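Here is a short briefing to read alongside the model. Take a look at the structure first, and then let's walk through it topic by topic.

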Amino acid sequence: MVQEDDPPVDPVFKTSLRELKWIFVIWLVHFVWVVGYCYAFGYPAPETELITVIGMPSWVFWGVFVPWISATVVSSWFALTQIEDHDLPDSLPATVTSNSDTQRGNES
Amino acid sequence: MSEGSTAALLTFAGYTISVFVLAILSNRVGKGKDFVGEYFLGSRSFGVWAFALTFAATNASGGSFTGFPALIYTHGWTLALWIAAYMVMPLVSMALIGKRMNQIARKTNALTIPEVLRARFDSSAVGLVATSLLIFFMFFYLLAQFKAGGIILSTLFADEPLFQSAVSFVSQMTMNIPWVNQAEPDYLLCLILFAGAVIIYVVYGGFRAVVWTDVMQGIVMFLGVILMLGMALWQVGGLEAATRKLEKMIPPEHGFAILSTTSASNVDQTYAKGTWLFDSGNVFRLGELATIAKGQSSTEPVKILKITTPFEIEELNSKRKSGRIADTGLRVRVTKPEAYQYGAGQTGTYVSNPGPDSANELGFLAVGTAISFFIFWPFAATGQPSNMVRLLSFKDTRTLRYSIVTVAIYYSIIYFALIIIFCCARVLMPGMEIAPDQTMPAFAAQLTQDAGIPWLAGLLVAAPFAAVMSSVDSFLLVVSSAVVRDIYQQHVDRQAPEKMIKILSYSVTVIVGVLAVLCVLNPPQYLQDLIVFATGGLAACFLIPMLLSLYWPRMTANATIAAMLGGTGMHMGLTCWGYLANNEFRAYSFLGLNPFIWDLIGSLVMALIVIAIGPKPNRDLVLKFFHDTSASRD
């Protein structure tokens, strides 16, 4: 679909798409960590001795609490350093226009 | 008048006044700006704190402070796994589509979600389908939140004498009005107070007032949770003590019993729901109002809850002996015990997965359900139009980035604190299984009473009230913007003067609010299920079409409509299947997975099929939205 004389790819689209892929990766890593760990250690057989870490069941600590801290740190790092800033276009006054009208308005 | 109830009234009064002050200020700030952009989107001018807290508060609806505490109380630590996906929710729901959608909305001057989709494909049909589905699902949402607002207020004011006088007055005034007279007068009064307050400040201040009140509500929620956490941990003796006690707990038994006295009564004797009953060393709690009729010595079978944890029985018996709990002297003959389907008679179920469950023999959170919820929470939140519309309002990308950090930290603290608080509640406050939705206000009252500061209960209970209010105002504005912007301005009068749009916007907001109030005077039996239906439906309808529209140049108008209808159709189909299979108004969990996952698959498959067989996308639109046309002009 892309042709040689096409203008360059929109930078907001390009960076947003890259960020989207990394967000999926971050989600997936935490998904595997949380569900995997809790499945292995959070569904104990009856009469299993309860082990606690700082007052919570150990499966909650290692399977939810620690990944939660990790997710918060990674989300913050990603938002502060990996999401790129862009100048977003200014809005026109909110009259109703068709798409083609808007396009003409932007170009004029 | 008790100190606590006076505080509740004063808290509500102070809170309402603050909301109105913010609405007045918003109105002044918005003067002189383009009306529609200001009323529905606050002129896209919000900075980090306003944007972050409005996003956080809108998402944390009344359910976070009523339903979620009830679930923690009933099922224990397993709720940590159930809610765990909130750890990535701020990043997913804000960053996945935020920057790109805001860019397209600005480029096309779109103020609503249907408008973004319509503008992206230059297709009125896309806009119309999106608007219709949005109004359809959103209205259910609105009903549920109005109902929650009425219920929380009536709990807050229950012991207030002034409120009781007002209830009597309302009861007399409405007794001959059809439909209205079927509502409980206390609920009716609270619903009117709540709805009146919300409608007035939304109409007067528009989106800016909604955002500013969300900021205040977000702060109230945060303070309420932190205060409760401190008091709960202090009273239970620390988290280690709470977990160790929770480990020893055995799920109670529901059931029915006949209550009797030794001699026939001269008058009708009633026993309120929640009354403690002691018989032969056993302890029960009454699950509904019980009456021994005049001349009788026993009741009809009534709902009871039998406490089964030894240390709870011991503590309750000692409170009875010391006179802190009244003893009715009734004999209790259990006629129909209903043990938990999972966890009955076992210790340790509250500190492990899947958690005890009274109705499901697999327990509360089977592994398949845990997997489903880790997918459901962040992606369903991304697909909610009330969240999406907030992503149109931030002023620059820096605001978005810093807001993600703010919301991530905010949610980490709030939700983890809630889990700890209500695990403590399970240990400190036995027998709330009779009314789990009352766990939050009841625990707030107990904590403050035991700490000797009952006046604080008003502030703590304001937290769920704030949560409900911040959701209602947003939904109200989303529905009215859909009517004014996407229907009237698009299809009735494109050149409507600003004065006309202003009158119409105010009128629609009021009409939608009043209609919602009339509908929840007598809430339908399956209202809670309707909330689930609406949440899933909205996400099923909007997530895939929005993602593909923003990120895939090959997406077309027809495919967008197909994806919306595919997701909605799958959602409706599974709901019908669930109704036929289980006689419940709840979507069927095919292969044990959350119906939302099947909805998304249905939506995606429909989009792919239509793209494969349909015409190619309009090249001008692809150039406009996926290429930097300004660069070529330069």
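**Chain B at a glance**

Chain B is divided into three parts: domain 1 (3-239 + 384-520), domain 2 (252-339) and domain 3 (526-634). Please keep in mind that this is a predicted model. Chain B has 25 helices and 7 strands. Its radius of gyration is 26 Å, close to the 26 Å that the globule rule gives for 634 residues, so chain B is as compact as a globular protein of that length.

**Confidence and dimensions**

- The mean pLDDT of chain B is 86, and 95% of the residues in this chain reach 70 or more.
- For the complex, the predictor gives an ipTM of 0.86 and a pTM of 0.86.
- The C-alpha trace of chain B spans about 95 × 50 × 45 Å along its principal axes.

**Where domain 1 meets domain 3**

- Between the C-alpha centres of domain 1 of chain B and domain 3 of chain B there are 26 Å.
- In this pairing, 24 residues of domain 1 of chain B are in contact with 23 residues of domain 3 of chain B.
- On the domain 1 side, α8 (98-108), α9 (113-121), α10 (124-157) and α16 (385-390) of chain B each supply at least two residues.
- Which helix gives the most to that side? It is α10(B), with 11 residues.
- By class, the residues on the side of domain 1 of chain B that touches domain 3 of chain B divide into 18 nonpolar, 2 polar and 4 charged.

**Where chain B meets chain A**

- Across the chain boundary, 66 residues of chain B are in contact with 59 residues of chain A.
- Helix α17 (residues 397-428) of chain B gives the most to the chain B side, with 9 residues.
- The side of chain B that touches chain A has 33 nonpolar, 18 polar and 15 charged residues.

**The five-stranded sheet**

- In chain B, 5 strands form an open sheet in the order β3-β4-β6-β1-β7, and the pairing is antiparallel.
- From one strand to the next, the twist averages 40 degrees.

- β3(B) is joined to strand β4 (residues 282-286) of chain B by 4 bridges, and the two run antiparallel.
- Within this pair, L277(B) has F284(B) in β4(B) as its bridge partner.
- β3(B) and β4(B) form a hairpin with 2 residues between them, and S280(B) in the turn has a positive phi of about 50 degrees.
- The antiparallel strands β4(B) and β6(B) are joined by 3 bridges, and L286(B) stands opposite I304(B) in β6(B).
- Strand β6 (residues 302-306) of chain B is also joined to β1(B), by 5 bridges in an antiparallel arrangement. A257(B) stands opposite V302(B) in β6(B).
- Strand β1 (residues 253-260) of chain B runs antiparallel to β7(B), with 7 bridges joining them. Here the bridge partner of L259(B) is V332(B) in β7(B).

Note on methods: Residues are numbered from 1 along each chain as its sequence is written. Chains are lettered from A and ligands numbered from 1 in the order in which they are written. This is a predicted model: local features need pLDDT of at least 70, side-chain atom pairs count only at pLDDT 80 or more; totals for chains, interfaces and linings use all residues. Domain bounds come from an automatic or database domain assignment. Two residues are in contact if their C-beta atoms, placed from the backbone, lie within 7 Å. Ala, Val, Leu, Ile, Met, Phe, Trp, Tyr, Cys and Pro count as nonpolar, Asp, Glu, Lys and Arg as charged, and the others, Gly among them, as polar. Two strands pair if DSSP finds at least two bridges between them. Axes are lines fitted to C-alpha atoms, for helices over the stretch in contact, and angles run from 0 to 180 degrees between N-to-C directions. pLDDT is the predictor's confidence in each residue, from 0 to 100. The radius of gyration is taken over C-alpha atoms; the globule rule is 2.2 Å times the number of residues to the power 0.38.
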